[in-house]
Amino acid sequence: MADGMKILIVGGGIGGLTAASAFRLAGADVNVVELQSDWKVYGVGIIQPNNALRALDQIDVAEACVDAGCAFPGWRLTDLNDNLVAELPSATGGAPHLPPNNGIGRRTLHDILLARAESLGANIQLGCTLESFEQDAEGVDVRLTNSDEGRYDLVVGVDGISSQLREKLFPGVYKQKFTGQGVWRYNLPRPEGFDWARVVFGKNSKAGLVPLASDLIYIFLVTPEPGNPFFPDDELHVLLRDRLAEYGGLVRDLREIVTDPKEVVYRPMEPVAVDGPWHKGRVVLLGDAVHGTTPHLAQGASMAIEDAVLLADMVAADGDMEAMLTAFTARRRPRSDLVYKTSLQLGEWEMAEWEDRLPPDANFGAVMGQALDALNAPI
Ligand SMILES: Cc1cc2nc3c(=O)[nH]c(=O)nc-3n(C[C@H](O)[C@H](O)[C@H](O)COP(=O)(O)OP(=O)(O)OC[C@H]3O[C@@H](n4cnc5c(N)ncnc54)[C@H](O)[C@@H]3O)c2cc1C
């Protein structure tokens, strides 16, 4: 069915570029419109758990990601002074031929996804987006901001967590809401022998270190940020260093080389989730636009990638478009809800722990383990 179909993809991020390749492989004509006039991909890393690699394998880029990134077996949990508290190997249940996790620079991932989409013949237009559309039962008439007009069989909105297309489809219904936490990220040289990712529990924050390449790791720091403050760009390195002051061991050593404010990526956690359906007529949303999660399970990109490959698969099967898009939301919701709700729960417990009011039945390990195991099930 996708053979010869015309698909417009709005947004050239992780989900959009994956969808472009998946739809090209299914035989569709693909046009991607990306708002930015040149690619501005920030430089920190992405954790790719096994289920993300499994989905990327469907567009034949999983191996390229592993080659360009750094596979790691799981997570070591330590106290502030590097004393090992627990070692948690990750499962490879979803795709045993691929590593349990891969760390990769976001720009490297972008280059791989873009090259794949272009090599498969997707048309990609930068500095351009959807201006307006009208649809009937058979298709969508679209006008782009560069004045191009066209008729498409399907419009796929993958324009990220602040999605304008979500607002066009469901005006005023879904708003991002600040959770009380922010996350700081910074790239650093990889210490000798640093092969596992690490989580270090502070008294008032949580730090993590993730291998990204033979010579590179990144640090993330989850902090309480009451009131969702604005931070001036030129002070970000000082603010991150302040927040790392309680850490000893390896994190203390690495803190000394957090010196460049331009390399700090800070994001307040402002998740949003669309209940469903994720479509109206022949316009469907996926990725962060419908399930912009907090990062506690490192599954945001995985969910966008899984959405993209499944949607292309389902569109390729014969059938009624409305029924197929309804079925698409129904298949994706349990997984994206699991990630979204578990991540919110973990964030709430972290804040409770930092304020010494953790409920006695809170069990971080069990909740994370159950969610990650469930995600190894087929999509
Ligand atoms: C700093 C950081 C670190 C993260 N680390 C991880 C991680 O380790 N593992 C993980 O799984 N997830 C991680 N995530 C989450 C992950 O990045 C997202 O879940 C993922 O990028 C979602 O993909 P997407 O395609 O839906 O959105 P995006 O990748 O955000 O892409 C949206 C694209 O749409 C474009 N766009 C926006 N508006 C328009 C418009 N109106 N018209 C056209 N184009 C538009 C944007 O410019 C962008 O290119 C991280 C997020 C951040 C911010």
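Gly-15, Glu-34, Ile-47, Arg-106 and Thr-129 come nearest to the ligand among the 33 residues around it (a residue counts if one of its heavy atoms lies within 4 Å). This is a predicted model, in which local features need pLDDT of at least 70 and side-chain atom pairs pLDDT 80 or more, while totals for chains, interfaces and linings use all residues. Residues are numbered from 1 along each chain as its sequence is written, and side-chain values use heavy atoms, leaving out hydrogens and water.

Polar contacts are pairs of N or O atoms within 3.5 Å.

| Side chain | Ligand atom | Distance |
|---|---|---|
| Glu-34 | oxygen | 2.6 Å |
| Arg-106 | oxygen | 2.7 Å |
| Thr-129 | nitrogen | 2.6 Å |

On its own the ligand has 990 Å² of accessible area, of which the protein covers 86% (Shrake-Rupley method, 1.4 Å probe). Elements giving two or more residues to the shell are α1 (14-25), β2 (29-34), β3 (45-49), β17 (265-268) and α9 (300-316); helices are DSSP runs of H or I with at least four residues, strands runs of E with at least two. The largest share, four residues, comes from α9. Domain 1 (6-69 + 103-176 + 271-375) and domain 2 (181-268) both contribute to the shell, so the ligand lies between them; the bounds come from an automatic or database domain assignment.

Strand β2 also belongs to an open sheet of six strands, ordered β8-β2-β1-β12-β20-β19 with mixed pairing (strands pair if DSSP finds at least two bridges between them). β8 (123-126) and β19 (279-280) are the edge strands, each with a single partner, so one side of each has no neighbour in the sheet. Strands β1 (residues 6-10) and β12 (residues 154-157) run parallel and are joined by four bridges; Ile-9 has Val-156 in β12 as its bridge partner.

Technical notes: A polar contact is a pair of N or O atoms within 3.5 Å; within protein, one must be able to donate a hydrogen and the other to accept it, and residues adjacent in sequence count only if both atoms are side-chain atoms.
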